[in-house]
Amino acid sequence: MKENLTRSGIKLSPVYQPTKLDDDYGKRFGNPGEYPFTRGTRAYSGQGWIQRELSGEGDARRSNEQFKYLMSLGQTGLDVIGDSPTMSLMDPDHPLARYTVGTQGVSLCCHEDYRQLLEDIPLDQMSISSSAPSMFTVASLYLVAQERGVSPAKLRGSVIEWPFYSEHCSYAYKMPFDLHLRMSCDVIEFCSKHMPRFHGYLEDTYFFSEAGLNAVEEAALGFVEIRHIVRTLLARGLDIDSFAPRIAILTNCSMDFYEEIAKIRAMRRIYARMMKEEFGAKDPRSQAVNIAVHTSGLSLTTEQPANNIVRGAVQTVALGLAGVSALEISTFDEGYRTPSKEAHLVGLRTQQVIDLETNINAVQDPFGGSWFMESLTDQVEARILAMVKDIESRGDPADLVSSGFFKQFFHGTMGRYHHQVQDGEVVKVGMNVHQMPAAEDTLLRDISEEKIPPLFDRIEQLKAWRAARDQAQLLAALGRVHDVVKSGENMMEAVLDATRVGATMGEIAGVLRQAWGTPYDPYGYLKSPLGGEQ
Amino acid sequence: MTPRIDASIDALVAGTLAGDLRSASRLIRLIDDGAPAAWQAQKRLFSHIGKALVIGITGPPGAGKSTLTDCLIARARRDGKSVGVLAVDPSSPISGGAILGDRIRMNRFALDDAVFIRSLASRGHFGGITPATRGAIRVMDAMGKDVILVETVGVGQDEVDIARLAHTTIVVAVPGLGDDVQAMKAGILEVGDLFVVNKADRPDADETVGYLQNVFRRTPAGEWRRPVLKAQALHHKGIDEIWQAIAEHAVYRHSAAPALKARQRANCEIELRSFLRQGLQQALLRKLDAEPGILEAVADIVAGKSDIYAVTDEILGKLRFGEEREEEARAENVVLRPG
Amino acid sequence: MSAIRVLVGVLGMDQHEVGAVAIAKTLRDEGMEVIYTGCFNTPETIVRTAIEEDADVIGISSHSWEYLYYMPELIELLKHNALDIPVVLGGSVITEEDAASMRAKGVAAVFGSGSVMANVVASVKSLAARDTAH
């Protein structure tokens with residue numbers, strides 16, 4: 001391991017501890033890589049975080065080019081997001097999808113799309129994180145890996161499970177909660193058996209915290225969801241150590257510098273104690289949770305977009321100090337669009353400057369032992385735990401979802417944040433202080449305001465492609481998906497088979513809904529290929 | 001803000017009777033705003049109503065009233081029936097404004113020409129519906145809707161008004177709200193014609209069903225024995241059974257059960273009295289508004305030249321309430337000085 | 001008793017309700033009745049709902065570019081139905097340039113990023129009054 005020196009030649013230790021180690025240190029902190037993982041989940045490696053930028057636009061081919069461009073800039077992991085229809089379990093030829101195909105992410109709806117998306121990407125080396133619906137992402141990744149002769153067991157990366165909150169403040173699946181939860185658990189179970197290096201469960205607290213939540217609320221709601229999913233998996237008879245090693249968390253990072261660092265430290269400790277003491281996890285990998293972070297899009301402004309570059313840098317420093325496993329910066333043009341090429345470049349270079357020029361990775365958890373930071377971590381931790389307890393005391397979290405408790409909660413926080421910004425309580429330079437006439441606010445504007453037009457061609461292509469499939473084979477496979485929903489078995493095998501014969505995500509999702517007794521198309525436009533709807 | 005009346009009342013009435021959505025919609029607005037013209041319009045519609053089946057849907061918040069309404073729209077549409085929906089949400093007591101969002105759950109019928117969904121704000125009225133609800137039902141009836149679903153505010157236990165307007169009132173309950181169900185006893189239990197325990201996949205559903213069934217155990221022969229049904233509106237389960245119970249209730253409604261007659265008479269009396277009260281109030285308020293001396297009287301009171309009680313008596317006297325006020329005063333004296 | 005009735009909704013696949021909820025609450029607190037239609041609307045559903053609810057003003061909240069396509073469709077559809085209901089558009093993704101083009105296409109008022117809520121309220125009120133005064 002390389003020795004780290006300051007510019008003046010002072011040698012830096014990878015981690016600093018109290019001069020006298022006592023019980024309290026072991027209980028509350030532990031060195032990095034030691035329970036309760038307050039100071040980090042791994043012993044010092046000097047490697048820093050996985051550097052990536054959120055990508056995906058247009059169709060799979062264009063996004064594949066985007067991947068290659070980002071890799072050429074030194075990106076060390078892939079992170080892909082679907083366009084609105086993809087994220088909402090909707091195929092691009094759905095009538096509601098028309099003006100969004102490929103505009104805010106990549107349009108993905110079938111096996112063939114993933115073949116194109118992953119062309120030339122070294123599947124056994126590159127970690128692939130996807131925000132697209134997990135069941136379909138995992139099915140396609142698995143099939144593409146098999147086709148390319150890569151064992152699915154070698155795949156790394158993650159998919160998001162968000163049965164609790166997606167409906168209310170992100171992308172609506174229009175799935176009954178119980179069905180969505182079952183899909184998530186089926187994916188986690190499948191991955192733990194067939195893709196052991198892949199995180200089948202990324203708890204994404206980022207997207208719902210963008211509804212104006214503070215750090216405590218974000219973490220608490222995340223833990224409520226984790227706890228319910230873990231309990232559901234345990235109730236299936238699974239061993240906690242069979243799936244818990246591949247749970248990870250993706251959090252937000254606002255501009256509240258110290259609190260964000262404290263949040264990440266507190267979350268690692270809460271998670272470790274919860275897994276060990278409450279759920280009986282024995283494998284240290286089940287107790288240590290990797291936290292990846294996407295910096296806050298909500299913290300950015302559409303005014304004076306260059307200021308957003310500074311915001312991304314400050315957040316990256318905070319996250320470097322907190323010790324996160326992977327990081328994406330919300331790019332400076334986020335307020336207007338999905339990242340441009342230029343903004344991607346700036347985002348990655350920001351990470352690289354901070355990683356390579358500042359010595360930030362020389363010392364792990366440099367704030368550890370700071371009177372202030374330890375006090376703040378304790379307080380954040382206590383508040384998170386109190387809020388989890390409060391929510392769980394209100395009844396079965398699943399009932400809270402269906403009764404609209406969380407929806408009301410998010411509407412409250414959205415309104416609160418809006419007022420905080422309007423009243424200047426949350427300061428945003430360029431927006432509510434130090435504003436500038438629109439005519440003078442020109443720096444980086446042209447890039448920010450450039451738009452990606454909808455891919456009308458893809459809609460036509462897909463229609464033609466649909467017609468060319470082997471219809472008998474397709475219907476038989478969709479029929480098996482329908483049956484497996486009723487049977488209660490893990491749905492992944494049936495979904496894999498249907499995906500293999502060309503069933504689209506929208507079709508499979510519709511059949512899942514239909515088998516559950518709800519409309520195939522919740523928006524009322526499409527009819528089920530299986531017929532027989534109410 | 002009363003909208004402009006760009007069509008005459010004649011045209012609105014004719015349009016409504018012909019099933020025109022825009023005429024009917026504007027007419028409901030005029031009724032809701034208490035526009036004088038609305039009275040005339042309703043009068044003219046009266047002989048054309050009575051064909052629709054009116055179903056009330058009430059119950060505590062979170063019970064799934066809107067979702068059940070959505071399911072009932074679908075069920076009625078399957079029979080080829082046209083549907084009107086009135087969804088009442090509460091007005092803010094402070095600003096008087098309201099957020100009317102029930103129709104989101106019925107969005108899949110947004111473009112169905114046979115379905116007309118209208119949101120109403122409670123506008124300070126308690127009892128689960130609004131004074132305009134009856135008028136709005138009649139407009140929808142007159143325009144030819146076969147089934148009219150009225151979803152109440154769903155905030156209190158006093159939502160009993162709906163039973164006077166609906167042919168069949170459905171009370172939606174959810175398991176696990178043990179205390180709420182107990183508290184229902186007070187008002188809602190008496191107004192429900194059928195009870196739906198929604199979210200019946202929950203473990204404690206049977207307990208709630210059992211409790212309600214026990215309440216209705218001793219229904220006299222020949223009277224309506226209120227069914228207690230289980231449903232999962234979110235999963236579209238139990239809807240056919242509810243539809244069937246509504247049909248059975250219709251058979252009872254056409255029977256000669258004594259309770260039925262009494263209910264009809266009571267409802268009619270309440271409506272007539274309420275119309276008379278409204279008319280009287282409006283007429284007197286118009287008089288009062290035309291009374292010139294009020295501002296000067298205020299000046300006198302503030303200046304200490306006269307007292308507010310004497311001034312009140314004086315003005316009411318001028319409006320010819322004098323005698324009643326004196327009688328009241330005499331009555332109070334009797335109470336105040338017993339013996 | 002009467003109140004201004006405003007329809008507030010979001011079009012297409014845009015699932016950002018923050019702005020729509022905030023404006024709905026603000027208008028409610030100003031004494032208006034807000035018919036809130038949430039997400040997944042199309043110009044067709046908006047026009048139909050505006051008729052059913054006798055809306056005085058239509059407010060569209062937008063945080064995706066879909067509005068560039070949907071708004072002209074909505075304006076055309078209102079015209080086609082001979083409905084004179086003013087449409088107000090708001091959302092942080094709307095640039096000055098696009099705002100101008102929307103106004104030119106018949107949108108009564110456009111509020112981009114950093115708009116002051118009081119101005120939105122005043123605009124809705126005056127548009128509703130304009131409607132009444134006809």
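**Figure 1. Strands β1 and β3 of chain C pair in the parallel sense.** In this predicted model, C:Leu7 stands opposite C:Ile58 in β3(C). The two strands, β1(C) with residues 5–11 and β3(C) with residues 57–61, are joined over 5 bridges. Helix α1(C) packs on the sheet and touches β1, β2, β3 and β4 (87–90) of chain C, together with β3 of chain B. The direction of α1(C) makes about 175° with that of β1(C). A further helix, α2(C) (residues 43–53), lies across β1, β2 and β3 of chain C. Helix α2(C) runs at about 165° to β1(C).

**Figure 2. An open sheet of 6 strands takes strands from chain B and chain C.** The order of the strands is β3(B)-β2(C)-β1(C)-β3(C)-β4(C)-β5(C), and the pairing is parallel. At the edges are β3 of chain B and β5 (109–111) of chain C, each of which pairs on one side only. From one strand to the next, the twist averages 20°. Where the chains meet in this sheet, β3(B) and β2(C) (residues 33–41) run parallel and are joined by 3 bridges. One residue to look for here is B:Ala98, whose bridge partner in β2(C) is C:Glu33.

**Figure 3. Chain B and chain C touch through 30 residues of chain B and 31 residues of chain C.** On the side of chain B that touches chain C, the elements giving two or more residues are α2 (21–32), β3 (98–100) and β4 (115–121) of chain B. Sorted by class, this side of chain B has 12 nonpolar, 10 polar and 8 charged residues.

**Figure 4. Chain C is also in contact with chain A.** The contact involves 20 residues of chain C and 27 residues of chain A. Helices α1 (18–29) and α3 (67–80) of chain C each supply at least two residues of the side that touches chain A. Of the elements of chain C, α1(C) gives the most to this side, with 4 residues. By class, the side of chain C that touches chain A has 10 nonpolar, 7 polar and 3 charged residues.

**Figure 5. Chain A holds an open sheet of 9 strands with parallel pairing.** The strand order in chain A is β3-β11-β10-β9-β8-β7-β6-β5-β4. Its edge strands are β3 (50–51) and β4 (54–55) of chain A, and each pairs on one side only. Within the sheet, β6(A) (residues 127–130) and β7(A) (residues 157–161) pair in the parallel sense over 3 bridges. Here A:Ile128 has A:Gly157 in β7(A) as its bridge partner. Helix α5(A) (residues 134–147) packs on the sheet, where α5(A) touches β6, β7 and β8 (198–204) of chain A. The direction of α5(A) makes about 155° with that of β7(A).

**Figure 6. Helices α9 and α11 of chain A pack with their axes 10 Å apart.** Helix α9(A) covers residues 215–235 and helix α11(A) covers residues 257–278, and the angle between them is about 25°. That angle makes α9(A) roughly parallel to α11(A). Their crossing is right-handed. From α9(A), the contact uses A:Ala215, A:Ala219 and A:Phe223. From α11(A), the contact uses A:Glu259, A:Glu260, A:Lys263, A:Met267 and A:Ile270. The residues of this contact divide into 5 nonpolar, no polar and 3 charged.

**Figure 7. Helices α1 and α3 of chain B pack at an angle of about 40°.** Helix α1(B) spans residues 9–17 and helix α3(B) spans residues 36–45, with their axes 10 Å apart. The two helices are therefore oblique to each other. Helix α1(B) passes α3(B) in a right-handed crossing. In α1(B), the residues that meet α3(B) are B:Ile9, B:Leu12, B:Val13 and B:Thr16. Their counterparts in α3(B) are B:Ala37, B:Gln40, B:Ala41, B:Arg44 and B:Leu45. This contact has 6 nonpolar, 2 polar and 1 charged residues.

**Figure 8. Chain B as a whole has 14 helices and 8 strands.** Of the 339 residues in chain B, buried residues make up 40%. Among the contacts in chain B with a separation of 6 or more, residues 24 or more positions apart account for 73%.

Notes:
Residues numbered from 1 in each chain as written. Chains lettered and ligands numbered in written order. Predicted model: local features only at pLDDT ≥ 70, side-chain atom pairs only at ≥ 80, totals over all residues. Axes fitted to C-alpha atoms, helices over the stretch in contact; angles between N-to-C directions. Parallel < 35°, antiparallel > 145°, perpendicular 65-115°, else oblique. Left-handed = near helix turned anticlockwise from the far one by under 90°. Contact = placed C-beta atoms within 7 Å. Nonpolar A, V, L, I, M, F, W, Y, C, P; charged D, E, K, R; others polar. Buried ≥ 20, exposed ≤ 12 C-beta atoms within 10 Å, placed from the backbone. Pairing = 2+ DSSP bridges.
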